[in-house]
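Subject: Handover of a structure and notes on its contents

Dear colleague,

Please find below the structure that I am handing over to you. My notes on what was found in it follow directly after.

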Amino acid sequence: MMKMNKFIALILGLVVVAPLCASAQKAVQPMPDITGVWEAVRDTTAPAAGQAQLKPPYLKEKQALTQAVSEANSKGEPLSTTTQRCLGDGMPGMMGGPFPMEILQSKGQVTIIQEAYTQVRRIYLDKQQKSVDDVEPSFFGSSVGHWDAGALIADTIGVKEEVLYRNTPHSKDMRIREKIYFAANGLLRDEVTIEDPVVLEKPYTYTVSYRRLPDYQMLEYVCEDNRYYTDEQGKQRMHSDTPSR
């Protein structure tokens with residue numbers, strides 16, 4: 001009887017230890033090295049991109065803006081944008097290129113530098129995200145993240161409402177969730193999910209893929225010529241332009 005009890009105890013011990021060992025293996029999984037310079041590339045193996053489905057009032061706003069941009073461009077009088085005002089794309093646009101970006105991993109932080117307009121974004125690791133009302137709105141928002149099974153999981157809130165991605169309006173409640181990981185084809189992927197219960201009918205997801213540029217050195221990109229300004233109609237003008245009467 002005593003031998004039988006010892007045998008049962010041994011079996012129960014193995015049942016308990018096995019999950020613990022699996023958990024320990026997961027915990028010590030090496031962090032991938034994503035430090036380096038990256039360039040956005042076309043990736044036919046990436047998941048198909050979802051489409052932003054806007055609620056009716058915001059859909060009308062986007063359609064009106066898209067039409068205004070098209071008409072202004074056809075007249076050779078493009079509307080002023082943040083980039084034309086030397087302000088950069090902000091989030092999530094800065095993650096899409098077309099210029100290279102540099103990723104730097106350091107203790108407690110992942111820093112992403114977009115060559116265009118020298119945009120700098122910081123993802124603070126293992127920090128608790130603030131509430132949106134406690135975040136000062138900015139171009140890149142408040143980003144926190146953590147490593148999970150070889151992927152960098154990032155959460156961003158607090159992006160200024162004037163910062164548009166593909167002419168799509170958003171509210172102060174927009175949330176950007178990212179999963180940055182190496183795909184099977186060796187490319188680095190950023191799986192981006194946009195949530196905005198005020199503007200969107202439902203969240204949507206798209207993916208940007210990057211290839212490493214091992215020999216590329218980031219260049220200075222400073223918007224310093226001040227050639228452009230925005231007139232009272234919101235149109236982009238050059239200082240040498242003479243508006244038509």
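A residue is called buried when its relative accessible area is under 20%, exposed when that value is over 50%, and partly exposed in between. Please also keep in mind that this is a predicted model.

Overall organisation

The protein chain contains 2 helices and 11 strands. Following the sequence, these elements come in the order α-β-α-β-β-β-β-β-β-β-β-β-β. Of the 245 residues in the protein chain, 35% are buried. The accessible surface of the chain is about 15,200 Å², and carbon and sulfur atoms account for 54% of it. Where contacts join residues at least 6 apart in sequence, 53% of them link residues at least 24 apart.

In soluble globular proteins, nonpolar side chains tend to be buried together. In this model the largest nonpolar core has 31 residues, and Ile103, Ile112 and Ile194 touch the most other members. At least two residues of this core come from each of β2 (101-106), β3 (109-114), β4 (119-125), β6 (151-157), β7 (175-182), β8 (188-195) and β9 (204-212). The greatest contribution is that of β9, with 4 residues. As for isoleucine 112, its contacts beyond four places in sequence are Met94, Met95, Met101, Glu102, Ile103, Gln119, Val120, Arg121 and Ile123.

How the strands pair

Strand β1 (residues 36-41) has two antiparallel pairings to consider. With β2, it pairs over 3 bridges, and valine 37 stands opposite glutamate 102 of β2. With β9, β1 is joined by 4 bridges, and here tryptophan 38 faces arginine 212 of β9.

A buried serine

Serine 209 is part of strand β9. Its relative accessibility is 3%, and it therefore counts as buried. The side chain of serine 209 makes a polar contact of 2.9 Å with the side chain of aspartate 43. Beyond four places in sequence, the residues that serine 209 touches are Glu39, Ala40, Val41, Asp43, Ala46, Leu187, Leu188 and Arg189.

Aromatic pairs

A pair of aromatic rings is described by the distance of the centres and the angle of the planes. The model has 5 aromatic pairs. In one of them, the ring centres of tyrosine 117 and tyrosine 221 are 4.9 Å apart and the planes meet at 40 degrees, so this pair is tilted. Its two members lie 104 residues apart, with tyrosine 117 in the loop between β3 and β4 and tyrosine 221 in the loop between β9 and β10 (228-230). Tyrosine 117 is partly exposed because its relative accessibility is 22%, and tyrosine 221 is likewise partly exposed, at 25%.

In another pair, tyrosine 165 and tyrosine 206 have ring centres 5.4 Å apart and planes at 15 degrees, so the rings are stacked. Since tyrosine 165 is in the loop between β6 and β7 and tyrosine 206 is in strand β9, this pair ties together parts that are 41 residues apart in sequence.

Finally, Phe99, Tyr117 and Tyr221 form one aromatic cluster.

Yours sincerely

Definitions and conventions. Residues numbered from 1 in each chain as written. Predicted model: local features only at pLDDT ≥ 70, side-chain atom pairs only at ≥ 80, totals over all residues. Heavy atoms only, no water. Core = buried A, V, L, I, M, F, W, Y, C linked by side-chain atoms within 4.5 Å. Buried < 20%, exposed > 50% of the residue type's maximum accessible area, 1.4 Å probe, protein only. Contact = heavy atoms within 4.5 Å. Polar contact = N/O pair within 3.5 Å; in protein donor to acceptor, adjacent residues only side chain to side chain. Areas by Shrake-Rupley, 256 points an atom, 1.4 Å probe, with all protein chains shown as cover. Pairing = 2+ DSSP bridges. Phe/Tyr/Trp six-rings, centres within 6.5 Å; stacked < 30°, edge-to-face > 60°.
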